[in-house]
Structure formats: C-alpha cells, structure tokens
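Subject: Structure for your files

Hello,

Here is the structure I said I would pass on. Please look it over before reading the notes under it.

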Amino acid sequence: MKRCNAQVDIGRRQFLRGTSVSAAGVAAATMARPAKAVPAAARVDYPSTKLANIADLEVNVPFDVAYPDGDAPGVLLKLGTPVEGGAGPDGDVVGFTTVCPHKGFPMSYSSERRTFNCPGHYSVFDAEKGGQQVWGQATQNLPQYMLRVEANGDIYAEGVDELLYGRLSNVL
Amino acid sequence: MAYKRHIDRLPIIPSDAQRHNVTCHFCIVGCGYHAYSWPANRQGGTAPSDNVFGVDLAEQQFAETEAWYSPSMYNIVKQNGQDHHLVIKPDPNCVVNSGLGSIRGARLAELSYSEVRSTQQQRLTDPQVWRYGQLQPTSWDDALDLVARVTTRIITDDGEDSLIVSAFDHGGAGGGYENTWGTGKLYFGAMKVRNIRIHNRPAYNSEVHGTRDMGVGELNNAYEDAELADTIMAVGTNALETQTNYFLNHWVPNLRGSSLGKKREMMPDEAHAPARIIIVDPRRTVTVNAAEMEAGPENVLHLAIKSGTDLALFNALFTHIADQGWIDRDFIDQSTLQESPDRPPLYPARGVADANPGHLTGFEAAIEGCRMSVDEAAEITGLDPADIVKAAEWIAMPKEDGTRRRTMIGYEKGLIWGNDNYRTNGALVNIALATGNIGRLGGGVVRLGGHQEGYVRPNEGHVGRPSAYVDQLLISGQGGVHHIWACDHYKTTLNAHRFKSVYKRRTDMVKDAMNSVPYGDRDGMVEAIVAAIRLGGLFAVDVDIVPTRIGEACHVILPAATSGEMNLTSMNGERRMRLTERYMDPPGQAMPDCLIAARLANHMERVLRDMGRDDYADQFQGFDWQTEEDAFTDGYHANAGGGEFVTYERLSAMGTNGFQEPAVGLDGDRIVGTTRLYTDGVFSTADGKARFMDAPWRGLQAPGKAEQRDAYAFLINNGRANHVWQSAYLDVQNDYVMDRWPFPYIEMHPDDMADLGVSEGDLVEIYNDAGSTQAMAYPTPTARRGETFMLFAYPTGVQGNVINPGTNELIIPNYKQTWADIRRLSAAPGSVSHVSFKSKEYVRD
C-alpha cells in the first residue's frame, strides 16, 4: 500500500499561528466547496518532498531544489551555526525560495553576507534571520520551507510560510 | 524569527469584480493602482474565464506578471455596509510606476480598516470628548457643539489670533484638494487665522521660497525628463527609498542605458549616452549603491560633503561653470533679469528684510556675489577639488558633438531641512538657470517631494511673511484653542522635548477644569474651560484618522476618513492629477476632513447667531456641502488655475494617468494638461524674467547650530526608511514593519560603537542641550566616524527631541544639522533579537 502511505504524507498539514487561517483550512479540507459567509485565506495541503540528504550539503553553499513543485525553485543551506528555525541535528539547515516576492526575479546568494540579493530592484534577504528582508521592496519576508530531517539525514520539505510569487495558491 | 503571515492561498479576483482607480496616498510619486472588490461570499477561479486576468491561474506566473498579488495587497472591507474582498494592486498601465509597487504602496490593502481581519483596529470610529477623566465616544453634534462654543467664545473675546491651527497643506492621505479647501475656507475664508502651521514645520510657509522668489516653480519638469537627461544631479535625496518608483521606473532606465532609444527619437540631433549621476549627500545611501550597480561606479559621483555645506559646493560649481564659459548665454539674455539692483546694506549677513533673506539679481552680479574657488569649497565641504571640477564638467561641459548637456537637478529634504534653506535653494537654482536647464527635455530643477500636493485655499496673504513661529507661541503660553488636523507634533516637530512638556501642562489644566463640571452642564463646561484658558490652559481639538501622541493631550477627537474611504484628488511630483475613487466605507462615523470642516463651520455659525453676532455668523456661510465632490466643485473647480476644466467625471475617465497640471483646455471630454513648465522661457515673475540669487556662504546659519556642532561628539543626521511611511501612523499597527523596526535605527560606524561599548541592536540614548531620545544601534561600516543617521519621526524614539529650535529667517526648521552625544542604555531587548543588522546594500554575488 505504498500509494496510501504517500497519501498520508501528502495530507500532513501544519497548523500555525493565525487562528482564522487555520479554521478556514479545516473547512476547506472537509467540504468540497466551503459555504461560509466570511471566507478567509486558507491553508493548502503541502506535499512532503525529499529535497536532499544532509550529506549532500556543504556549509554555506546553496543546494538547488524545487518545492512544492518543479516550477518553484529554491535552495537548501547548511549555515554551519544554529539559527532560529534551523532544522537538522545542528539546527542550521534552512530552505528558501529563490524567487523574489516583490516582482518574481531570480535571486543570487551571497556566501560572504549570507543574504539573497535581487537584481530586479535590489532587495536583500537575510538567510540567517528567517529570510527577513534587510532592505527592499517586497511586502513579505522571504518564503521559507518547513523542514523535517529524518534520522538518516534525509531532508523533507513539508510546507512554506509565506505565499510564493506568481501563484495565488502555494500548491497549484 | 522574521514575521511570516502563513497565508498560502488568496481568494481569486472574479472576472466581474468592481474596479476603482487608486493613486497611492503615501508619497509624492503617486503610483497608480486599481482596487478590485467583490462580495465576501463569492470568489473567482483558476480557469481563464473565471478570473479578472483571463489567464490560467493553476499555472505558475512569471516575473513582473500582472496576474499575481501578495497577501499585503488583500483584505476584507466594508462597502456600503457589506463585507467585500479587496485587492489593491499596482496598475501596469500607469505611466508613473508601470506596475511597480513599493514596500509602502503595495501594503495599501493591508493598511485598510478591516473588522473581519482585524487590521488597523486603531482607526478612530467615533467623535470623542474628555468626559469623567477620560476620552469617551459621543455624537458628532455633541462634539462639534463643544468645539464651536469654546472656539467662538475665545475668538470673540480675544480675536482670531487666539485660535492656533495645525493643518496639512498637502495631497494624498490627510490632505488633497477637497480637504485643503475645506480647512482653508474655514480658517482663511470664514476666519483670517494667522497663527497656523503645517504638519512638518512650525509655521505656515513654503519649504522652497528661494526658487519661487526666483520665478521658478519647484515642480517644473516631467518624470520622463529623468529618462532623457545626460546627467542627473540629486541633492539631499535618497530617491530609491523616498521616491522609490520614480527612481526605479524613470532614473534606472537612463542609468542602465535602456532609455537610449527614446533619447535618440525625441532628441535626434545630438550625441547620447547612458546617464551619469551626481549624488550630493553626506551619507552613502542605497541610492548610491543602486546607481553604481546600474551605471557603473565610473558614472556615479557621490559627493559626500560635510553636513550643511551644500551652499559652498553649489557656489563653486556655479563659479567654475561660468569661468569655463559653459553657460547658456542665449537663455540668460532672453529669460532672466538683466539688471543688477544694489545689495541690501547689511548683505550678506542680512537681506533687505527677514521676509527676503536673499538678494535677487541678474547673472553677472550673482556670479560675483556667489564667487567661490574650487579649493575654497573643497576646504569647506571636505571634498576632493578634482571631484568638484568633475561635477561641474558632468553638469555643464558640452557633449562630444558640442551640444549642450541636459542636466536634471532634483533636491529634497537634505536641502530643504538643511542649513540656510533659502540661499542654498537659490544657489542650486542658479546652476540650472545659468545652464539653461529649465523647461527643456531632460532638464528641470525640481524638488522631489515628500507628500503629494493638493493645495487650493483662499488667499493666505494675511498670514504674513515671515509667518508666526507657532511652536514658540504655544510654548510661550499664547493661544487659547488649538485645532489640529492630521498632525502629530509630538513625533514630527523640532524642539519636541520642550514642546511636549509645555503642551501637556497647558492641556492638563483644561482637563482638570473639565473634570470639575458635570458633562451635561454645557454652559458650565464652557465657562470652566474658558477659565482654565485664562490661567494659561489650552483647549485642544484633534482631527485625525488614528490616535496620535499629541491626541493624548487633546479634549476632543474627531474621526476622519482617508483616501479611498472618500473620493480624493491630489497631484504628484510632475503635477499629475488623479482621482482616487471611493472603494470602501470609512470606519464607524468617520467623515472626510472637508465635511468635518463644513460641519464645524455650520456649528460656529449657529453659535454666533445665538450670541447675536449675525455679521460674524454670515462669514461662516457657504459650507452646505454634503459630499466631498461638493467641496471639490466649490474649491478646485472654481478656484484653481485651469480648475474649470476639471470634474470628477472627467478625472474618473482618465484613470490612473490623469493629466499634468495646470489644465489648459479640453479635447472632447479629455482634460489637456501641461507636460513641463516654462517651455516658452517665461517665468513666474511679474515681468516673466527669472532671477538669479546672490547667495554667499555664511556658515551654519540657524541659531545654536555651530555651538552644538562644537559641543557634541556625533552628527545626528536623520531621515526616512524604506519600510516606513511618514511618522509610521499606520505602520505602527503593521506587523511586517514593526517586526523589522521595533525601534528607530541609528546607523553608526562600528568603531564608534566599539568606543562606546555598544553592540548591534543595543538601545542607545542620544542627548544634547535640546533633549534626549533613544534608538537601536545599527552598525554601518560605510558611515563616517562621528556621523550617524537616525530614523526620523518614529513613535518608539522621537528624533525631534534632540533638534534645537533654530530655524532660518522664514521659520524653516533645520532638522538635519543636529549634534549630540550617545551612550548605551541597554543590551538589545528581546523584541530585537530576531532583527537583521546586515548591510542594506545589494551585492551581485
């Protein structure tokens, strides 16, 4: 029943802060078409996707991935020092989209500054501070992956904490 | 962790959604947006036929797509009492921003009042009065009756000079033509109030009297000119952060060279290259960084002058350009004053009067009066003499084919709130006049602006020049009643420490008096208030959209509507006028300012008639407006130059592009505007000739500045942050902004921090003879030792506390030249632990 297990994995949902958001997520999941009078932003069901194994990562070298699907490029980073929100045994593995949430330009990673930099309009995001926009035009901090690391070092992405550029649902 | 919304899906705009024209109500640039709205119980779909974009939203959209909006562009608001989805997204067809949204404007929806999504719950919903020791909600009639009775009593007893007014004079939110007319007709028509000040300065005056007196209106070019110039000279402006999409959409293409085709097409008979840029600013800003990235460092000249020495630099440039013969002699002969009147007897120490602190003259006399060698200027400004010469060459040396260089000069608060405002403004305009760069493609000498503009009022000549220094009147115990319209001096004035101390004491006297009388005893209440005023108290009325810091001292609070909750017109930095159409309801009982002014006038008329003062009451007639359009028709349509061509209906049809003021006629139903001013070489003086200004350097002009510089260790330069609009009056309730800036930052050189034992994020105290305040230390290796930069007007650390009261002759404040000492207050608090302190500069890899 491999298929069923996969379904369970796909159905793994994260309920995070934002009470109205979570409630609407439940409604969306249990009814084909929600009939609530006051719709609110709803969570989506994220796939649990293996992106890499810890052994694949070198400290401060971005590892190209895509999540939640092939049209959504991103990177995994092993920062070498633990950060808030970092995954893995050393608490230092993070993953981010590399598409700028302002106008959708692909960003580059500065290993010296450990920031993502957008050539479109000069926005800068801090990889060590949860993708906080250091400076720039985006009205979101950088969407970050929710990661789970297995005992064998396999790194799974299981959610994204902000809306990705260019899609009105993170999972299409 | 950085703030994240955890929103991973947004409602889709259905194909039949309503669409309203919106001009961003924040900065001068006025980017075009559209507000889409539809009932809360409906939504669009991903199929092309089910959404307003007509595209398949089940697919990833790519860079710069029109078919995406961020969570900050979405909300649920009331429309005619019913919940509606709202998306406010940038308009790709607006010529101002071409679909770009800044970090401020792209949050317009999120910054709207929403009961459903709990955004901007701070908004004022009801009139409030001081009752039983606190502010309590009440009806409009009750609140306006109290204001009218106390105000009429004081002005009939003591004259209209005893009514002090603080009021916006600009466009966008907290302003616009409707509202400047409403307040203007009340205070300058029904009354002749003289003791009035503007939101950001302690008097009622122009920020740019210098250029106006020379005959050069300050918004004289078009944004397109930044795409056409050979050289852009930017003075005291950090345009990427403060006129963001003007810089991104009109400067960058020229720096990059992508406007070359347009240059060749519009100006075919001359050589063209990508633009060079000269940036005059004591601080290295993100604007310098971006310019270097786009134009290459070799085409960017950052003149990091010593703070306050702009005038010396401009005079050296003017001198060098003239001496090299790079002037436009035909223009000077045809369009500028040919005579050179005698200097005033005490010049340059003083002008002929405080009202005229400069000396307006012809070109030859100005050159002699302003003459300054490159070496002399290098000594004063701290610049390399070769850089001054290079700047002169970039401004005026003919191009390789012998044609004149086209140079656009833009300036803003670094000059306006800087040393010797009047003469420094004049010295800069001298350069544009001498080189013929006004009224021509790729030219202009323009202020870049803060708010949008939206000024139409009855004649204000009675206010006088210099106008009253209103803060000093309040501090010295004058005035009995203070009406405040969308101003928060506790955050945005100079000498703020002293101002707040006195203001609290005077308004507390009235609160104590009000506490002693049953609220329902209206006659007794008015008598108690008046008695407290006689003892030095102050009765304060605050009209605003949100609770303000100065509002905490006030006795009556009146809730106003903002842009989009009312129809509102304004113009931007190239005089582009648009109508923002009402797309949502105001909160609670809030009303447009123009209608609040009208209802107050109605109540004052009634009270005056009750007092038997029919003649006076008659002055308060003409306020029977029921809508903001009534105020627009009474004001702009009937009074502004070209206003007769402008109606809501025509503006609505012209969308987010509108027209450029002044209107000069109609083409069918389309309003015909004016792309640039002075293309005919006729300037705004009685004889049509522009004036040069004889404007010699005289050091730090404002009282107390030189002494402060000598007494304290650090320059406390100050200004804006990209994330924040104005005094953060809405941002203070925006999690995204407050997450980034829980406290105002102060940029400091790391070695200065080390000397003071300060680490990144530590709270420091900034203190001097004017007062003290706090900020969060932000290590900035590009800062010069001893020179800091602090975020201005922020609620959690008011920079104005340490600005001394010194102004120029025309009561223009000198915020920028401030010096103070710094000491550590505490380690970075927990609310700062997640904050990034990395360089704000973009790097390629």
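Predicted model: local features only at pLDDT ≥ 70, side-chain atom pairs only at ≥ 80, totals over all residues.

Interface

Chain A brings 63 residues into contact with 65 residues of chain B. About 5800 Å² is buried between chain A and chain B, with carbon and sulfur atoms giving 52% of that area. On the chain A side, the residues that lose the most area to chain B are A:Tyr122, A:Trp135 and A:Leu168, which together make up 15% of what that side buries.

As for polar interactions, 47 residue pairs are in polar contact between chain A and chain B, counting pairs with both residues at pLDDT 80 or more. Four salt bridges are found across the interface. A salt bridge joins the side chains of A:Glu162 and B:Arg5, at 3.4 Å from N to O.

Several elements of chain A give two or more residues to the side that touches chain B, among them helix 2 (19-30) and strand 5 (108-110). Strand 8 of chain A gives the most, with four residues. By class, this side of chain A has 28 nonpolar, 22 polar and 13 charged residues.

A:Leu164

A:Leu164 lies in the segment after strand 10 (154-160) of chain A. A:Leu164 counts as buried because its relative accessibility is 4%, and buried means under 20%. Leaving aside residues up to four places away in sequence, A:Leu164 touches residues including A:Tyr67, A:Pro143, A:Asn170 and, from chain B, B:Trp68.

Regards

Key. Residues numbered from 1 in each chain as written. Chains lettered and ligands numbered in written order. Heavy atoms only, no water. Contact = heavy atoms within 4.5 Å. Buried area = accessible area lost by both parts, 1.4 Å probe. Polar contact = N/O pair within 3.5 Å; in protein donor to acceptor, adjacent residues only side chain to side chain. Nonpolar A, V, L, I, M, F, W, Y, C, P; charged D, E, K, R; others polar. Buried < 20%, exposed > 50% of the residue type's maximum accessible area, 1.4 Å probe, protein only.
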